[in-house]
Amino acid sequence: MESGKRNKRRIGLISLVIVIIVCVGLIIGGMKLTMFHSAKLDEEILDQVVINSPNVSLGSRIKAQNDIFKGQFIYKQYKDIDGYIIPWTDIIGNYGVWGENSVGRVPLNNFNGTLDFTEGTNQKMMKFYSQDVPYKKINNDIVLTSTDTDKVMEMAISFDKKYSLKEIRAKIPVNLNIAWLWLGEEENGGQSDALTPDQVYGFEGIQKKVEKVSDADIFKGNYNNFISSLESLASKSEHVANLLTKYGKEDIDNLQFKGIVLTGQAINFKQLAGAPFIRASEIGATADIVPYIKPYK
């Protein structure tokens, strides 16, 4: 009788230990899986910024929510405007144990009736114009910069036709930076309205020089980063997969670009006023020049 009771207690204790071990294992496994998906979220957001965020870089991240099996990060972004670092809009990323990751950007659509401004920064949004679309209105902001001597700015330049990197570098004055190069856009974008920054795809150019590294190597390295990010995101987007098919094995010297983003001192843009290769130009973010920050150029 006593022996039977002891056996039942032993079995009950063993069962309880097994349940505890299983629960602890599930919790630990769930936490590791959650951390894995958190890291995947970081990679996805970085890759997305690399391929379609004109002159935008990813900064630090802030933990907004942190549960055992899910969480939320706020990713800070910034722009480099010829050596002036200014804040840009945030990206909000959610992750979970089962990989239910989601990414949302703070809207870029504060509108004053004529122009678009970015949420939270009050900076003007650049827009881009395809060569083959008959827009009702095309902006040419570059003519407004000739007398402005106390600002640095970025400007989206939309070409009259596609040009190679070699041709572009020959056309752009040396006192302006080719900060970003535009290769393509959303498949259904720009049919009647100018393209917003989240609709265009391309890769980083050069602003700050890298010691002992040639400009050509920097451009190639940035293009390789673009291809690597396309590879990482191809399974998530048919459009990205199509971009990878088109550019994955293409040499940078054979690429044809639809436009660029330039940065520099505002007064230096006047050299390009009336340039025949420019179909449209849109001023974006600007910053006041101060004595203690020297522009790159």
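1. Starting with the fold: four helices and 12 strands make up the secondary structure of the protein. Keep in mind that this is a predicted model.

2. On burial, 43% of the 297 residues count as buried. The protein exposes about 16000 Å², and 54% of that area comes from carbon and sulfur atoms.

3. Now the rings. There are 11 aromatic pairs in the structure. One of them is Phe-128 with Trp-182, with 5.4 Å centre to centre and 65° between the planes; it counts as edge-to-face because the angle is over 60 degrees.

4. Which parts of the chain does that pair bring together? Phe-128 belongs to the loop between strand E7 (116–117) and strand E8 (151–163), while Trp-182 is in strand E9 (residues 177–185), so the pair ties together parts that are 54 residues apart in sequence. And are the two residues buried or exposed? Both Phe-128 and Trp-182 are buried.

5. There's also an aromatic cluster to look at: Phe-203, Tyr-223, Phe-226 and Phe-257 are linked by ring pairs.

6. Finally, two spots where a charge meets a ring. Arg-61 has its charged end over the ring of Phe-73, 3.8 Å from the ring centre. Lys-79 places its charged end over the ring of Trp-88, and here the distance to the ring centre is 4.6 Å.

Technical notes
Residues numbered from 1 in each chain as written. Predicted model: local features only at pLDDT ≥ 70, side-chain atom pairs only at ≥ 80, totals over all residues. Heavy atoms only, no water. Phe/Tyr/Trp six-rings, centres within 6.5 Å; stacked < 30°, edge-to-face > 60°. Helix = DSSP H or I, 4+ residues; strand = E, 2+ residues; numbered from the N terminus. Buried < 20%, exposed > 50% of the residue type's maximum accessible area, 1.4 Å probe, protein only. Lys NZ or Arg CZ within 6 Å of the ring centre and 35° of its normal. Areas by Shrake-Rupley, 256 points an atom, 1.4 Å probe, with all protein chains shown as cover.
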